[in-house]
There are 2 protein chains.
Amino acid sequence: VAFSAAEVQEMTETAGGVIVWGGSTNIVPADDVPIRYEYPLKTNPRGKMLASIMAKKKAAGSDICVIDIPTGPGAKVADETEGRILAGQLIELGKRLDIKVECALTYGGFPIGRDVGVNLEVAEALRILEERDGSGSLVLKSCAVAGIALEMAGVAARGEGADAAMRLIQSGKAHQKMLDIIEIQGGDAKVKSSDLPTGAFSYSVEAPEDGYVISISNRPVIDIVRAAGSPADHGAGIHLHKKVGEPVKKGDTLYTIYADKEWKLSKALKIAEETTPVRISGMLISRVA
Amino acid sequence: VAFSAAEVQEMTETAGGVIVWGGSTNIVPADDVPIRYEYPLKTNPRGKMLASIMAKKKAAGSDICVIDIPTGPGAKVADETEGRILAGQLIELGKRLDIKVECALTYGGFPIGRDVGVNLEVAEALRILEERDGSGSLVLKSCAVAGIALEMAGVAARGEGADAAMRLIQSGKAHQKMLDIIEIQGGDAKVKSSDLPTGAFSYSVEAPEDGYVISISNRPVIDIVRAAGSPADHGAGIHLHKKVGEPVKKGDTLYTIYADKEWKLSKALKIAEETTPVRISGMLISRVA
């Protein structure tokens, strides 16, 4: 589906919220064309990125805005210092556009949540809302960021936003609102997380030995997911069965790669073999003799 | 205690092994003096480091040698590529000195084990041998490295060294051998891990909120332990109650700093406040408004 900026505004006023992916709304057409070429080239100059982010907020009619800036090894922003500079620039730009901006510097040194890829990520988010389970890192992070928005909007007192967001999940209100938003955007309001298909082709990678997960690297994960066909193929992606710090036994599934096309799965697997995105073991990376 | 190179050789032949800290054995005196000045300056030129490592192996009479090279953010060696280069240089230098060298590239992006500091580390190692518990990362890593030595010495078949090392711990033989070594070096052969005193002054840092441990940074941990008085003060150090990946509740103890002198504890605490060595939370590092 694709909506105009005016439609997005109207839907926002009716349902109290929308979920849109910038590039498909045609909100800022002058921005989308360069992005289409930058994406495969992996270039994205800083000034361009700032303008691109804020132009969309303005066009969508936002007056309050929280921007999540994940930092850490392999994230777009390498460290906290760089994140603070970027945050300052976004806030400054917001002032000129009359949008109140706050930024959340979060840890993005490894993937948050267990799923990467279009359908996999949507299913993971829906599952959390359905099960009302607030135990994982993804929920904690989402509530921390959403909590800032609730505090800025005056819906929650300062310092109580994250708890308020968590209560919305646990009461089931967040799930109902999500279904309302899906309906107003023309989707199936009865959709369940289990309805979202993952790619027909999949391969599970096993732990080569007993140990602990010592690292999950962003860069290889992104490269694998793209090779598997994401974001064009909605079923493509990775499910991480184990996260950093978890103990594993030899033969346990570390992660599963999904793809809509078999040849893309092969391509993704080749990258997985070359890059070892999930490192486990008795901490021995390699033996040099 | 301090031993001459000849004494170290003799003890090795009797007990089948020794544990020595290079700088206190007076084995390579021309090496120790520069190190004494490099340490506070945090300088250590590569060529000098290679010569320093291998000169001591030669002087101690080693003919087989496994060198552990921890790599990762905040470790001396930043990544696997750099580690492989260093390994190659050590192996080459070994050939010229007639020492068979193999290197283990291990993950050192966060501290392995839960203790840092002289007495704390010794107690942790002794406790593992006493309890014969092989579940932690420290044991897995130690067995992986020791396993290479067992394979090189022909005591274990290729690929079975780590398991052989683990069996030595579980059978109690490793503990008995440790006590033999302690005795021949003039120590108390009845020593227990609980006999090693930690500093009289300590402070425990609590989790500011619910969440998961997302990172433990080497650099701040090292800076805190040094400020607390390590390695000169044997009771100084850190005990990590939580490791990366573990869930924490608000108020749980994250880590405890120990020091022999109160003013050094204050200094260490100040660094802890400034650097946040253990990051937990709903992944929110900071909010910029």
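In the predicted model, P231(A) is placed in the loop between α9 and β7 (237-240) of chain A, where helices (H or I, at least four residues) and strands (E, at least two) are DSSP runs numbered from the N terminus. The peptide bond that leads from S230(A) to P231(A) is cis, with omega near 5 degrees. In chain B, P231(B) is found in the loop between α9 and β7 (237-240), and the bond joining S230(B) and P231(B) is a cis peptide bond with omega about 0 degrees. A further backbone feature concerns T276(A), a residue other than glycine whose phi is positive, near 45 degrees; T276(A) lies in the loop between α10 and β10 (278-279) of chain A.

Residues are numbered from 1 along each chain as its sequence is written, and chains are lettered from A and ligands numbered from 1 in the order in which they are written. Local features need pLDDT of at least 70 and side-chain atom pairs count only at pLDDT 80 or more, while totals for chains, interfaces and linings use all residues, and side-chain values use heavy atoms, with hydrogens and water left out.

Helix α9 (residues 218-227) of chain A and helix α10 (residues 262-275) of chain A have axes that come within 8 Å and cross at roughly 165 degrees, the axes being lines fitted to C-alpha atoms, for helices over the stretch in contact, and the angles running from 0 to 180 degrees between N-to-C directions. The two helices α9(A) and α10(A) are therefore roughly antiparallel (angles under 35 degrees count as roughly parallel, over 145 as roughly antiparallel, 65 to 115 as roughly perpendicular and the rest as oblique). The contact (heavy atoms within 4.5 Å) involves P220(A), D223(A), I224(A) and A227(A) of α9(A), together with K264(A), K267(A), A268(A), I271(A), A272(A) and T275(A) of α10(A).

In chain B, helix α6 (residues 137-152) and helix α7 (residues 161-170) pack at an angle of about 115 degrees with their axes 7 Å apart, which makes α6(B) roughly perpendicular to α7(B). On the side of α6(B), the residues that meet α7(B) include V139(B), L140(B), C143(B) and L150(B), and their counterparts in α7(B) include A162(B), M166(B), L168(B) and I169(B). By class, the contact of α6(B) with α7(B) divides into 12 nonpolar, two polar and one charged (Ala, Val, Leu, Ile, Met, Phe, Trp, Tyr, Cys and Pro count as nonpolar, Asp, Glu, Lys and Arg as charged, and the others, Gly among them, as polar).

Between the chains, 38 residues of chain A are in contact with 39 residues of chain B. The buried area of this pair is about 3500 Å², of which carbon and sulfur atoms give 61%; buried area is the accessible area (1.4 Å probe) that two parts lose on being put together, summed over both.
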